[in-house]
Amino acid sequence: MPRTIRTDLVVIGGGPAGLTAAISAAESGVKNIILIERQSKLGGILSQCIHNGFGLRYFNQELTGPEYAQRFIDELTSFPQIEVKLNTMVIQLGSNHRVVTVNDLEGLVCYQATAIILAMGCRERPRGAINIPGTRPAGIYTAGTIQHLMNIDGYLPGKEAVVLGSGDIGLIMARRLTLEGVRVRAVLELMAYSNGLNRNIVQCLEDYEIPLFLSHTVTKIYGDKRIQGVKAAPVDENHNPILERVFTLLCDTLVLSVGLIPENELSLMAGIGLDPTTKGPLVDSSYQTTVSGIFACGNVVHVHDLVDDVSEESKVTGRAAAAYVLGQKTLMRQVKFKIGRNIRSIVPQSLFIDGQTTIYIRAEYPETDAILKVGKGKARQRVVSPGETIRYLVKPEDVHDYNEFVPVSIEGGESS
Amino acid sequence: MTELTCIVCPIGCRIRVNEEFETLNITGNRCPRGAVYAKNEIIAPKRILTAVVKVAGINEMLSVKTSEDIPKEKIFTAMQEIKKIIVDHPVKIGQVIKRNLVGTNVDLVATKNISSP
Amino acid sequence: MYLPQVDVLIIGAGIVGAALARELSRYELEVLLIDKEADVSFGTSKANSGIVHSGIHDQPGTLKAMLSVKGCKLYPEMAAQLGFLYKQNGALVVARSTDEMGALEELCHNGHANGVNNIDLLTKEDLGKLESNLAQDLAGGVLVPSGGIVVPFDLVFALTENAIANGVKLMVNTEAQMISIGKEGFLVNTNRGAIRTKTIVNAAGLYGGKVAAMIGDDSIMIYPRKGEEYLLDRKLEGLVYRTVFPLPSKVSKGILVIPTVDGNIMLGPTAQRVKNHDSSTTISGWNQIYSEVKTLVPTLNPTDLITAFAGLRAVANTGDFIVSPSPISTRFINAVGIESPGLTAAPAMAKYITDLIRETGLSLKLKREFNPERSIVRMRDLSQTEQAAMIRKDPAYARIVCRCEMVSEGEIRDALHRGATTLDGVKLRTRSGMGRCQGGFCTPKIIRIISEELGLAPDEITKKGLGSQLLYGWLRDETGSCIREEEELHA
């Protein structure tokens with residue numbers, strides 16, 4: 001049995017979500033906070049996101065990933081009640097609030113925490129999850145891995161690349177590779193539209209004349225030892241490849257940017273209920289999960305397109321966890337969201353009907369000139385894009401007439 | 001008439017630029033920064049460049065950025081110059097790594113801290 | 001490494017070569033095991049389904065039947081000695097309809113004829129009680145408790161390491177190119193020097209025919225038959241407990257639902273004759289597998305796929321194993337055409353080949369200091385108390401590198417000390433990179449550790465040997481102008 005240490009709050013993950021949540025909890029009066037991070041430095045995924053575009057909302061400034069993270073890392077020093085454990089992995093989480101960790105300085109240590117905040121972020125979907133046929137050579141990397149290899153480790157991963165997936169990470173890496181002298185032959189996107197921000201289409205693809213093939217996919221990987229090329233083809237409306245139009249793209253590197261999956265193995269271990277669409281925990285507007293006293297924020301709850309939203313959300317979470325630790329009970333009526341037309345997911349999935357809460361919505365398909373309806377509330381949406389989160393500030397009058405379910409939908413638009 | 005997507009912020013307004021006589025008629029932007037961007041994009045496009053630089057004796061790369069945007073056509077020559085740089089540790093965020101990168105009058109600055117081992 | 005004279009040269013370090021090497025290491029013999037790949041098991045064996053068959057499927061009177069039944073019985077003791085992952089979970093052969101019940105009974109008779117005594121005939125109700133996730137409309141089945149599962153490459157590593165610990169020499173990246181026959185033995189030319197040996201065992205898998213031809217033996221024809229396998233997330237552990245077989249076809253034992261020892265569900269294999277050693281996975285292969293396994297376990301879902309791979313069986317044109325001295329020279333023993341149930345048969349085949357070696361006149365004296373045991377550290381299988389003890393011994397065991405499969409830096413370094421020189425070699429010895437993120441998180445760390453431990457430059461680190469480099473070098477040259485700036489920019 002590892003030794004057990006009692007503490008007020010354990011935050012799992014030292015990326016932007018965990019950092020903000022820990023600081024917010026400390027500001028709200030929590031006395032003992034343990035912030036656990038498996039890497040040797042704080043910052044999470046931001047440490048390898050050397051490009052800019054972070055902080056426009058939160059700091060009103062355009063920062064690179066590491067700079068954004070540093071703002072919070074610097075702020076930590078004002079909070080001696082936050083103890084940081086680097087190079088530490090959580091290997092077990094219980095619904096009884098026991099957190100078992102391991103590192104090479106202290107070995108196995110168990111924390112018995114009054115409250116826990118989950119901020120573990122996401123992992124990338126690998127090749128096997130989308131079942132690309134072909135051989136299994138070297139040179140196939142997910143975008144985040146290749147980003148780490150280049151931006152942290154300083155390796156040159158290849159010379160000629162094809163990128164599958166036009167989400168932001170794929171686009172950013174297409175540019176990054178090009179700047180380092182790698183020839184990016186094409187970016188292929190399964191959907192008829194790109195999931196990434198428009199600005200990234202411009203500054204990552206158009207700037208470098210990298211062709212974008214919408215409604216295309218990779219149908220086969222070939223090369224025995226190192227990848228030698230891929231077969232690509234356009235897809236029909238069911239996303240099935242039109243094999244008569246297969247063509248070859250020679251390359252020695254395939255970059256996969258085909259989806260992020262919230263990292264919820266620990267959540268499952270603790271018996272926390274997950275939302276099958278977001279693959280993250282079901283949370284209420286205080287970001288408490290289905291297990292009392294366990295909260296979650298950041299990409300572990302749902303994939304965000306802007307880290308600024310992560311910080312906003314995590315501030316709320318830190319405050320709520322603090323209220324829990326300090327025994328401040330809130331007896332408020334909760335309502336759940338009922339998903340209607342053109343809504344893929346809503347986070348948080350349920351709401352305390354007090355004050356104002358920002359909710360984060362993802363649409364299913366693109367539209368223009370539509371109206372977002374949240375209960376009695378309405379907001380015009382000039383452009384609806386599945387790749388971009390819709391933020392809506394819910395006011396009590398939007399929802400207080402509803403007993404249990406508040407309908408949310410996007411109506412009256414034209415498909416783009 | 002040129003249509004372009006503003007890259008100043010994540011909204012990505014679709015901006016229309018009409019060249020009338022000697023003025024530019026700019027529409028579609030939701031904020032004044034977009035108008036500035038559109039004008040520059042037509043006349044002299046600029047970009048912020050982010051990259052990494054080697055740190056002597058350390059296994060981790062230093063992330064850097066240009067302190068302002070630089071002419072788009074100078075990006076690759078800027079990269080050539082960046083590739084030659086080796087910096088000593090420690091490095092502080094904001095530290096100037098190279099002044100006046102490829103004659104742009106813009107500095108290359110560190111965007112993270114690297115401590116000495 | 002140049003050895004003037006060995007007693008036995010084993011060409012091929014797959015399951016057959018490794019099992020034989022371990023068996024021969026019991027004796028006072030100079031044994032050299034060579035393989036042309038960068039690591040042992042990197043040919044057909046690493047893509048094996050990992051099933052220890054009971055022997056009910058094989059035609060009575062064949063080598064396959066005799067050696068598989070014997071081999072199956074040797075596994076429990078071998079697993080206890082060598083510490084490889086093994087479970088005797090039992091095999092379940094099911095009939096999809098009452099039409100198939102006749103064939104099921106025939107399978108029982110076949111099993112009895114092969115000496116497999118413990119075979120239980122099951123009704124539809126029995127099936128439901130044993131495995132709750134099987135399809136409701138299966139007509140009946142047969143349970144064979146002696147069947148088991150292993151991790152095939154883990155088994156090959158265990159055999160090879162124990163063989164080496166007991167004196168066998170191993171040379172990888174070593175390809176036999178030419179063999180000349182002399183009075184006292186053979187002279188074998190390889191890409192890494194010449195070897196003299198009294199005896200040769202040809203366990204060269206897909207290249208068995210090519211190696212036999214090196215002494216002028218043109219009787220061996222080996223052709224590749226591809227099998228695709230699909231792996232599902234470990235969260236499905238417990239979906240089935242026993243390995244589920246349909247009734248066999250003429251060509252293969254069928255497409256199975258396999259609960260792996262590590263807890264994944266594996267679906268496959270297909271059986272397709274291919275050209276050019278094509279080991280690609282295909283859409284048609286997946287479609288065939290998925291449509292068939294759905295009739296066995298209806299809740300299987302493609303969203304749980306984490307990876308897929310394919311292997312090439314080395315099939316001989318005789319329909320049975322070829323394990324016999326070559327007609328050209330009795331000291332050249334062929335052990336080829338080892339398709340299913342080759343893995344099961346291997347330990348028994350090793351003893352069988354040892355007898356053949358004895359018959360060549362080589363004197364086989366048992367070593368007094370033979371140590372049959374071998375064990376490795378698997379942190380994730382230890383209790384927290386045992387983990388704490390390992391960490392006290394070496395803090396590297398506390399640094400988790402692969403978070404999906406809970407593999408520590410200590411185990412990664414152990415793998416490199418145990419003979420891994422490639423990313424796959426590390427992966428297959430430790431399971432790092434085999435979890436749901438498929439190496440997305442741990443690969444940069446492992447690359448760093450490999451480069452440190454083996455002193456390799458970035459472009460020298462490979463996935464599975466020569467030609468499969470992971471990187472092309474450093475982004476920045478080591479030489480450059482060094483710039484030190486004292487000033488800070490005020491933001």
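## Two helices meeting in chain C

In helix H1 of chain C, the residues C:Ile15, C:Val16, C:Ala19, C:Leu20, C:Glu23 and C:Leu24 meet a set from helix H8 of chain C, namely C:Leu343, C:Ala346, C:Pro347, C:Met349, C:Ala350, C:Lys351, C:Ile353, C:Thr354 and C:Ile357. Contact here means heavy atoms within 4.5 Å. Sorted by class, the residues joining H1(C) and H8(C) are 12 nonpolar, one polar and two charged. For this sorting, Ala, Val, Leu, Ile, Met, Phe, Trp, Tyr, Cys and Pro count as nonpolar, Asp, Glu, Lys and Arg as charged, and the others, Gly among them, as polar.

H1 covers residues 15-24 and H8 covers residues 342-359 of chain C; their axes come within 8 Å and cross at roughly 50 degrees. The two helices are therefore oblique to each other. Angles under 35 degrees count as roughly parallel, over 145 as roughly antiparallel, 65 to 115 as roughly perpendicular and the rest as oblique. The H1(C) and H8(C) crossing is right-handed. A crossing is called left-handed if the near helix is turned anticlockwise from the far one by less than a right angle, and right-handed if clockwise.

## How to read this model

This is a predicted model, in which local features need pLDDT of at least 70 and side-chain atom pairs count only at pLDDT 80 or more, while totals for chains, interfaces and linings use all residues. Residues are numbered from 1 along each chain as its sequence is written, chains are lettered from A and ligands numbered from 1 in the order in which they are written, and side-chain values use heavy atoms, with hydrogens and water left out.

Helices (H or I, at least four residues) and strands (E, at least two) are DSSP runs, numbered from the N terminus. Axes are lines fitted to C-alpha atoms, for helices over the stretch in contact, and angles run from 0 to 180 degrees between N-to-C directions.

## Helix packing in chain A

Let us turn to chain A. Helix H5 (residues 168-179) and helix H6 (residues 198-205) of chain A have axes 8 Å apart and pack at an angle of about 20 degrees. That makes H5(A) roughly parallel to H6(A). Their crossing is left-handed. On the H5(A) side the contact uses A:Asp168, A:Leu171, A:Ile172, A:Ala174 and A:Arg175, and on the H6(A) side A:Asn200, A:Ile201, A:Gln203, A:Cys204 and A:Leu205. By class, these residues are six nonpolar, two polar and two charged.

H5(A) also packs with H4(A): the two axes come within 10 Å and cross at roughly 35 degrees. The crossing of H4(A) and H5(A) is left-handed. From H4(A), the residues A:Ala143, A:Gly144, A:Ile146, A:Gln147, A:Met150 and A:Asn151 meet A:Ile169, A:Met173, A:Arg176 and A:Leu177 of H5(A). The residues of this contact divide into six nonpolar, three polar and one charged.

## Where chains A and C join

Chain A and chain C each bring 48 residues to their contact. About 4100 Å² is buried between them, and carbon and sulfur atoms give 56% of that area. Buried area is the accessible area (1.4 Å probe) that two parts lose on being put together, summed over both. In chain A, the residues losing the most area to chain C are A:Asn131, A:Arg136 and A:Tyr155, together 18% of what that side buries.

Side chains of opposite charge can pair when their charged atoms come close. A salt bridge is a side-chain nitrogen of Lys or Arg within 4 Å of a carboxyl oxygen of Asp or Glu. A:Asp104 and C:Arg399 form a salt bridge at 2.3 Å, N to O. Another salt bridge joins C:Arg448 and A:Asp153 at 2.9 Å, N to O. This pair crosses between chains, from helix H12 (residues 443-454) of chain C to the loop between helix H4 (143-151) and strand E11 (155-156) of chain A.

## Details in the loops

Some details sit in loops. B:Cys9 lies in the loop between strand E1 (2-5) and strand E2 (14-20) of chain B. Leaving out residues up to four places away in sequence, B:Cys9 touches A:Leu56, A:Arg199 and B:Arg33. B:Val102 is not a glycine, yet has a positive phi of about 35 degrees.

In chain C, the peptide bond from C:Gly268 to C:Pro269 is cis, with omega near -5 degrees. A cis peptide bond also joins C:Ser340 and C:Pro341, with omega about 0 degrees. C:Pro341 is in the loop between strand E20 (332-336) and H8 of chain C.
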